[in-house]
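Subject: Structure handover

Hello,

The structure you were waiting for is below, sequence included. My notes on it follow.

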Amino acid sequence: MMSQIHGHQERLIHDVWGERCLECDCTRKPKVHLYHIKSEEIAVLNCPSCDFTIVVVEVEKLTDKSIVDEIKKRQNSLVATHQSFP
């Protein structure tokens, strides 16, 4: 079980974070926190140097259009797609 969680975290780091922090170019791996809320899985990746954060949610489950519009309005937010969690 722990190896599956570790593998999932490594895939998130590889697919979402990449090789370095987008903010400060730190090459250390981010801290990964996984949360299960109702039927969704949310992943939070934090840079260990500058605390830059990426939050990964299942966007297709967001049914309220105002949430999507609000995300697009924010200047310091980046909306991107990622493969569904296995």
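Asp51 is found in the loop between strand E2 (40-46) and strand E3 (53-56); strands here are DSSP runs of type E with at least two residues, helices are DSSP runs of type H or I with at least four, and both are numbered from the N terminus. The phi of Asp51 is positive, about 65°, although Asp51 is not a glycine. Asp51 counts as exposed because its relative accessibility is 54%. The classes are buried for under 20% relative accessible area, exposed for over 50%, and partly exposed in between, with a 1.4 Å probe and protein chains only.

Please keep in mind that this is a predicted model, in which local features need pLDDT of at least 70 and side-chain atom pairs count only at pLDDT 80 or more, while totals for chains, interfaces and linings use all residues. Residues are numbered from 1 along each chain as its sequence is written, and side-chain values use heavy atoms, with hydrogens and water left out.

Overall layout

The protein has two helices and three strands, and along the sequence they follow the pattern α-β-β-β-α. Of its 86 residues, 22% are buried. Among contacts (heavy atoms within 4.5 Å) with a separation of 6 or more, 38% are between residues 24 or more positions apart.

The sheet

The three strands form an open sheet in the order E1-E2-E3 with antiparallel pairing; two strands pair if DSSP finds at least two bridges between them. E1 and E3 are the edge strands, each pairing on one side only. On average, neighbouring strands of this sheet are turned by 15° against each other, direction ignored. The angle is taken between axes, which are lines fitted to C-alpha atoms (for helices over the stretch in contact), and angles run from 0 to 180 degrees between N-to-C directions.

E1 and E2 are joined antiparallel by seven bridges, and one of the bridge pairs is His33 with Val44 of E2. E2 and E3 also run antiparallel, with four bridges. Bridge partners there include Asn46 with Thr53 of E3 and Leu45 with Ile54 of E3. E2 is largely enclosed by the rest of the structure, because six of its seven residues are buried.

Positive phi values

Most residues other than glycine have a negative phi. The E2-E3 hairpin, where Asp51 sits, has six residues between the strands. Asp25, also not a glycine, has a positive phi of about 65°. Asp25 lies in the loop between helix H1 (2-17) and strand E1 (31-37), and Asp25 counts as partly exposed because its relative accessibility is 47%.

The core

Which residues make up the largest nonpolar core? There are 11 in all: Leu12, Ile13, Trp17, Cys21, Cys26, Val32, Ala43, Leu45, Cys47, Ile54 and Val56. H1, E2 and E3 each supply at least two residues of this core, and the largest share, three residues, comes from H1. A nonpolar core is a set of buried Ala, Val, Leu, Ile, Met, Phe, Trp, Tyr and Cys residues joined through side-chain atoms within 4.5 Å. Leaving aside residues up to four places away in sequence, Ile13 touches Gly18, Lys29, Pro30, Val32 and Leu45.

Polar and charged pairs

A search of the whole structure finds one salt bridge, that is, a side-chain nitrogen of Lys or Arg within 4 Å of a carboxyl oxygen of Asp or Glu. Lys29 forms this salt bridge with Glu10, and the closest N and O atoms are 2.9 Å apart. Lys29 lies in the loop between H1 and E1 and Glu10 in helix H1, so the pair ties together parts that are 19 residues apart in sequence. Lys29 is exposed, with a relative accessible area of 53%, whereas Glu10 is partly exposed at 28%.

His8 is in helix H1 and is buried, with a relative accessible area of 10%. Its side chain makes a polar contact of 2.7 Å with the side chain of Glu41. A polar contact is a pair of N or O atoms within 3.5 Å; within protein, one must be able to donate a hydrogen and the other to accept it, and residues adjacent in sequence count only if both atoms are side-chain atoms.

Regards
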